[in-house]
Amino acid sequence: MTRNMTIAGQIEALIQRLDGLAVCDDCITDRLDLSVRSQANAVTRELVGTRGYRRAKQPCSLCGANKLATSHHA
Ligand SMILES: [Zn+2]
């Protein structure tokens with residue numbers, strides 16, 4: 001991962017690395033050290049329905065909470 005990658009790019013890379021496992025916006029915020037959770041939320045909402053991204057209420061693979069989480073399916 002390069003330093004100059006956009007936040008959207010970092011979020012996509014994180015979700016893709018999880019290879020089909022879901023991750024919630026809070027864990028994305030934590031992992032990428034984003035300043036505000038709404039950044040993750042704005043990006044994941046945009047991703048849904050494009051190129052294999054899915055968002056649903058389901059257990060997050062990182063924190064285990066059952067909430068809106070995003071996954072990528074190749
Ligand atoms: Zn989580």
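A word of caution before we start. This is a predicted model.

Let's begin with the metal. Which residues hold the zinc ion? The donors are the SG atoms of Cys 24, Cys 27, Cys 60 and Cys 63. They sit at 2.2 to 2.4 Å from the zinc. The angles among the four donor atoms run from 107 to 113°, and the site is tetrahedral. For reference, the ideal angle for four tetrahedral donors is 109.5 degrees.

Now look at the spacing. Along the sequence, the donor residues follow the pattern C-x2-C-x32-C-x2-C. Take Cys 24 and Cys 60, a pair that links distant parts of the chain, 36 residues apart. Cys 24 belongs to strand E1, residues 23-24. Cys 60 is in the loop between strand E2 (53-59) and strand E3 (66-72). Are these two buried or exposed? Cys 24 has 0% relative accessibility, so it counts as buried. Cys 60 is at 4%, so it counts as buried too.

On to the helices. Helix H1 covers residues 7-17, and helix H2 covers residues 25-32. They pack at an angle of about 110°, with their axes 11 Å apart. That angle makes H1 roughly perpendicular to H2. The crossing of these two, H1 and H2, is right-handed. What meets what here? From H1 come Gln 10, Ile 11, Leu 14 and Ile 15. From H2 come Ile 28, Arg 31 and Leu 32.

H2 and H3 pack at about 120°, and their axes are 8 Å apart. The two helices are therefore oblique to each other. H2 passes H3 in a crossing that is right-handed. On the H2 side, the contacts come from Asp 25, Asp 26, Ile 28 and Thr 29. On the H3 side, they come from Arg 37, Ala 40, Asn 41 and Thr 44.

Let's stay with H2. Which of its residues are buried? Asp 25, Cys 27, Ile 28, Thr 29 and Leu 32 are. Just after H2 comes Asp 33, with a positive phi of about 60°.

First up is Ser 71, in strand E3. Its relative accessibility is 2%, so Ser 71 counts as buried. What does Ser 71 touch, beyond neighbours within four places in sequence? The list is Ile 15, Gly 20, Leu 21, Ala 22, Gly 52, Tyr 53, Arg 54 and Gln 58. Ser 71 and Ile 28 are 43 residues apart in sequence. In space, C-alpha to C-alpha, they are 12 Å apart.

Next is Leu 62, in the loop between E2 and E3. How does its accessibility come out? With a relative accessible area of 32%, Leu 62 is partly exposed. Residues up to four places away in sequence aside, Leu 62 touches Leu 18, Ala 22, Val 23, Cys 27 and Arg 31. One of these, Cys 27, is a zinc donor. Leu 62 and Asp 33 are 29 residues apart in sequence, and 15 Å apart in space, C-alpha to C-alpha.

Key. Residues are numbered from 1 along each chain as its sequence is written. This is a predicted model: local features need pLDDT of at least 70, side-chain atom pairs count only at pLDDT 80 or more; totals for chains, interfaces and linings use all residues. Side-chain values use heavy atoms; hydrogens and water are left out. Donors are N, O and S atoms within 2.8 Å of the metal (3.2 Å for Na, K and Ca); water is not among the atoms, so sites may look incomplete. Four donors count as tetrahedral if all angles lie between 85 and 135 degrees; four count as square planar and six as octahedral if opposite donors are over 155 degrees apart and all others between 65 and 115; anything else is irregular. Helices (H or I, at least four residues) and strands (E, at least two) are DSSP runs, numbered from the N terminus. Buried means under 20% relative accessible area, exposed over 50%, partly exposed in between (1.4 Å probe, protein chains only). Axes are lines fitted to C-alpha atoms, for helices over the stretch in contact, and angles run from 0 to 180 degrees between N-to-C directions. Angles under 35 degrees count as roughly parallel, over 145 as roughly antiparallel, 65 to 115 as roughly perpendicular and the rest as oblique. A crossing is left-handed if the near helix is turned anticlockwise from the far one by less than a right angle, and right-handed if clockwise. Contact means heavy atoms within 4.5 Å.
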